[in-house]
Amino acid sequence: MKRRPGMKFTKMHGAGNDYIYVDCTQSVIDNPSQVAIDLSDRHFGIGSDGLILIKNSDKADFFMEMYNADGSQGQMCGNGIRCVGKFVYDNGLTDKTTVTIDTLAGVKILELKTGADGKVETARVNMGAPILEAAQIPVDTKGLKEYKGCEIETIAGKVVKTPVVDETIVVEGKEYKVTAVSMGNPHAIVYLDKDIDIKKFEIEKIGPFFENHKAFPERINTEFIQVVDKNNLNMRVWERGSGETLACGTGACASLVATVLNGMCDTTATLHLLGGDLKITWDKDENTVYLEGPAKTVFTGEVDI
Ligand SMILES: N[C@@H](CCC[C@H](N)C(=O)O)C(=O)O
């Protein structure tokens with residue numbers, strides 16, 4: 001009997017945030033959500049933080065469709081989009097080094113940087129403007145301890161009327177200060193003391209309670225940040241739908257914005273994550289966030305689905 005051909009995939013990572021990438025420009029995958037659950041499993045599957053499909057787009061060069069390890073869809077993925085840039089360039093799907101990629105959070109522009117072997121090593125992504133209005137993140141401010149509120153002026157006198165900056169939230173009976181930012185997907189940023197060893201922080205105990213807290217109607221990605229100095233932040237992340245990951249690109253962007261809003265860092269900083277470093281800049285004149293970091297291929301293969 002002839003074996004049905006398997007699905008070709010490439011395992012890639014950006015600062016240790018690993019996904020399975022599939023070229024869907026010529027073929028389709030039925031039930032990608034279930035495929036993400038099955039293949040992300042680190043014992044019974046390939047092992048990853050989720051699945052990313054590269055599709056055709058009528059608005060941009062390509063479309064990125066991303067699934068977390070639990071099969072839920074994320075609107076955006078900062079580490080994933082850099083790897084999509086590497087995938088399409090290294091595999092000859094484009095010869096451009098400035099690539100546009102559409103996502104559920106809009107079209108993003110990537111500047112790809114190649115190494116001596118002609119392959120993409122890093123990418124700089126224009127991630128667009130951070131979203132700060134509670135309802136758009138979304139945050140249900142009734143789920144906070146009490147909402148004190150404030151107003152933030154962004155560009156051209158545009159005022160954000162209901163941001164969530166340094167508000168109090170009660171999680172498992174303990175009070176935390178939280179700032180919320182969306183980069184197309186929702187993030188809650190919480191600060192840790194300077195003197196703790198961030199690598200020993202028990203994120204797996206508290207992360208799920210933030211993720212599913214009543215203040216976050218679409219669940220949330222939570223970044224735990226330690227401010228080292230004005231240009232260096234340590235970060236651990238508990239991702240919505242995937243649990244702890246070694247890095248989160250949108251999370252690093254959201255954390256930089258949150259830390260600027262809290263007056264604790266400059267508009268450019270390096271975020272140090274378990275899987276590597278990401279450089280983030282918030283250009284306040286144009287209200288745009290830029291993310292720069294590595295993109296790596298681990299292996300390619302074929303798998304039955
Ligand atoms: N790791 C990603 C974000 C992936 C999506 C996230 N878990 C969500 O559901 O919003 C990144 O690098 O940005």
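A residue counts as buried here if 20 or more other C-beta atoms lie within 10 Å of its own. Keep that cut-off in mind for the views below, all taken from a predicted model.

View 1. Look for Cys-248 in the loop between strand E16 (243-245) and H4. Setting aside residues up to four places away in sequence, Cys-248 touches Asn-17, Gly-78, Asn-79, Asn-221, Val-237 and Glu-239.

View 2. UniProt, in an unreviewed entry, lists Cys-77 and Cys-248 under "active site". They span 172 residues in sequence, yet no two of their C-alpha atoms are more than 7.6 Å apart, so they gather at one spot. Cys-77 sits in the loop between strand E5 (73-74) and H2. Cys-77 is buried too, because 30 other C-beta atoms lie within 10 Å. Beyond its neighbours within four places in sequence, Cys-77 is in contact with Ile-52, Met-66, Gly-249 and Thr-250.

**View 3. Two of the annotated binding-site residues, Glu-239 and Thr-250.** The "binding site" feature in the unreviewed UniProt entry includes Glu-239 and Thr-250, along with Asn-17, Asn-68 and others. Glu-239 belongs to strand E15 (residues 232-239), and with 29 other C-beta atoms within 10 Å this residue is buried. Leaving out residues up to four places away in sequence, Glu-239 touches Asn-68, Asn-221, Thr-245 and Cys-248. Thr-250 belongs to helix H4 (residues 249-261) and counts as buried because it has 31 C-beta neighbours inside 10 Å. Past its neighbours within four places in sequence, Thr-250 is in contact with Met-76, Cys-77, Gly-78, Met-183, Gly-184, Asn-185 and His-187.

**View 4. The shell around the ligand.** Which residues come nearest to the ligand? Of the 18 residues around it, they are Gly-74, Asn-79, Asn-185, Gly-249 and Thr-250. H2 and H4 are the elements that give two or more residues to this shell. By class, the shell has two nonpolar, 14 polar and two charged residues. Domain 1 (7-127 + 293-303) and domain 2 (134-286) each put in at least three residues.

View 5. The contact takes 22 residues from domain 1 and 21 residues from domain 2. On the domain 1 side, helix H2 (78-90) and strand E19 (288-294) each supply at least two residues. That side of domain 1 divides into seven nonpolar, 13 polar and two charged residues.

**View 6. Helix H1 and its buried face.** Helix H1 (residues 32-40) has Pro-32, Val-35, Ala-36, Leu-39 and Ser-40 as its buried residues. These cover an arc of only 110° around the axis, which puts them on the same side of H1. What do they pack against? The partners are strand E2 (17-23), strand E3 (50-55), strand E4 (62-68) and strand E20 (296-303). Also in helix H1 is Asp-38, which counts as partly exposed because it has 16 C-beta neighbours inside 10 Å.

Terms used: Residues are numbered from 1 along each chain as its sequence is written. This is a predicted model: local features need pLDDT of at least 70, side-chain atom pairs count only at pLDDT 80 or more; totals for chains, interfaces and linings use all residues. UniProt positions are given in the numbering used here, feature names are shortened, and annotations may be inferred rather than shown by experiment. Helices (H or I, at least four residues) and strands (E, at least two) are DSSP runs, numbered from the N terminus. A residue is buried if 20 or more other C-beta atoms lie within 10 Å of its own, exposed if 12 or fewer, and partly exposed in between; C-beta atoms are placed from the backbone. Two residues are in contact if their C-beta atoms, placed from the backbone, lie within 7 Å. Ala, Val, Leu, Ile, Met, Phe, Trp, Tyr, Cys and Pro count as nonpolar, Asp, Glu, Lys and Arg as charged, and the others, Gly among them, as polar. A residue is near a molecule or strand if its C-beta atom, placed from the backbone, lies within 6 Å of it. Domain bounds come from an automatic or database domain assignment. The arc is that of the directions from the helix axis to the C-beta atoms.
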